[in-house]
Amino acid sequence: MSTQPGHNFSTSTFLLTGFPGLEQSYVWIAIPFSSIYAMVLLGNCLILHVIRTEQSLHEPMFYFLAMLALTDLCMGLSTVHTVLGILWGLSSDISLNVCIGQSFFIHGLSFMESSVLLAMSFDRYIAICNPLRYSSILTNARIIKIGAVIIIRSFLFITPVIIRLKFFHYCRPHVLSHSFCLHQDLLRLTCSDIRFNSFYALGLVICTLMLDSVLILVSYVLILKSVLAIASREERLKSFQTCVSHICAVLVFYIPIISLTMVHRFGKHLSPIVHVLMGNIYILFPPLMNPVIYSVKTQQIRSKIQRFFSWQRY
C-alpha cells in the first residue's frame with residue numbers, strides 16, 4: 001500500500017488486528033465469538049418480535065426498550081463481518097471508505113444507546129414520580145419525536161469529524177489496533193492536523209455520554225426521593241423493582257466504556273491483547289446482556305417469551 005503524499009488515500013487499505021500472538025488459536029476463539037454474535041442477533045430480534053406482536057406491550061416503556069434492542073442489533077451487525085472475518089481467516093483488510101463507514105455507525109450507535117438509556121430513565125421518572133399524567137405526557141406522538149431527536153443527536157453531530165477522516169494523510173503503517181474501526185484509531189495513523197477532530201470528539205463525549213450519565217443519575221436521585229416518600233414498604237419495593245432492569249442496562253453500558261477509557265489512558269504498558277479484549281467487550285457486552293436482563297428482570301417480557309417458546313414447541 002502506498003503512503004506517498006500524492007496517493008489517493010480514499011483507496012487505501014488498512015490491516016485490522018485480531019488477538020496478537022494468538023493467531024494459531026483463531027479457530028477456537030472464533031467459536032465463542034460466533035456464538036456471542038448469534039446470541040446478540042437472536043436475542044435482540046426476539047425482543048423486537050415480542051414487542052411488535054404483543055398488543056399489551058405497546059406502551060412507552062416497551063417502545064423505548066424496542067429502540068434499545070434495535071440499537072444493540074445494529075451494533076452487532078456493524079462489526080460482525082470484520083471481527084468474524086479475521087477469526088475465521090476470511091479477511092483482515094478493510095478499505096478506508098468501509099472503515100470510515102464502520103466507525104460512523106459504531107460511534108453513532110454508542111451515542112444512540114446512551115440517549116435511549118436517558119430516555120428510559122425519563123420514562124421511569126414520569127412513571128414513578130408523576131404516574132397520573134404518565135399516559136398524557138408520553139403519548140405515541142411524543143415518543144416518535146423523542147426517537148427522531150435521539151437519531152439526529154446521535155448521528156448528525158458526529159458527521160463532521162467522520163467526514164474529515166476521508167481527507168487525512170495516513171502516513172504511518174496502516175495497522176489498526178482493533179478488529180473494527182474507531183475514530184481515535186484512525187487519528188493515530190495520520191500525519192494531518194487532527195486538532196479539530198480531537199477537541200470536537202472530546203466535546204461530543206462530554207455533551208453526550210457524560211451529560212447523559214449525569215442526567216440519568218439525577219433522575220434516579222429524584223426517583224429514590226419519591227420512592228422513599230411512599231409509606232408502604234411493599235409499594236416502595238414494587239416501585240423500585242420497575243427500575244432494576246434499566247439500572248442494570250445503564251451499568252452494562254457505562255462500565256465497559258469507563259474501563260476501556262481507563263485502559264487506553266493508563267494501560268499503555270499492558271499487553272495488546274488486553275486492549276483488543278476491552279474493545280470487544282465495549283462493543284459486544286451491552287448487546288449481549290440487555291436481552292438477557294430484560295428477559296429475566298421484566299415480568300411482562302419474560303412471560304411473553306415463555307409463551308412464544310411454548311407455542312413453538314407445540
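User: Is glycine 21 buried or exposed?
Analyst: Glycine 21 is exposed, with a relative accessible area of 66%. Exposed means over 50%, buried means under 20%, and partly exposed is in between, using a 1.4 Å probe and protein chains only.

User: What should I know about the model itself?
Analyst: This is a predicted model, where local features need pLDDT of at least 70, side-chain atom pairs count only at pLDDT 80 or more, and totals for chains, interfaces and linings use all residues. Residues are numbered from 1 along each chain as its sequence is written, and side-chain values use heavy atoms, leaving out hydrogens and water.

User: Where does glycine 21 lie?
Analyst: In the loop between strand S1 (13–15) and helix H1 (26–53). Helices (H or I, at least four residues) and strands (E, at least two) are DSSP runs, numbered from the N terminus.

User: And how far is glycine 21 from proline 272?
Analyst: Their C-alpha atoms are separated by 9.3 Å, although the two residues are 251 apart along the chain.

User: New topic. How many helices and strands are there?
Analyst: The protein has 11 helices and 2 strands. From the N terminus, the order is β-α-α-β-α-α-α-α-α-α-α-α-α.

User: What box do the C-alpha atoms fill?
Analyst: Roughly 70 × 50 × 35 Å, taken along the principal axes.

User: How much of the protein is buried?
Analyst: Buried residues make up 46% of the 314 residues.

User: What share of the contacts joins residues at least 24 apart?
Analyst: 77%, among contacts between residues at least 6 apart in sequence. A contact means heavy atoms within 4.5 Å.
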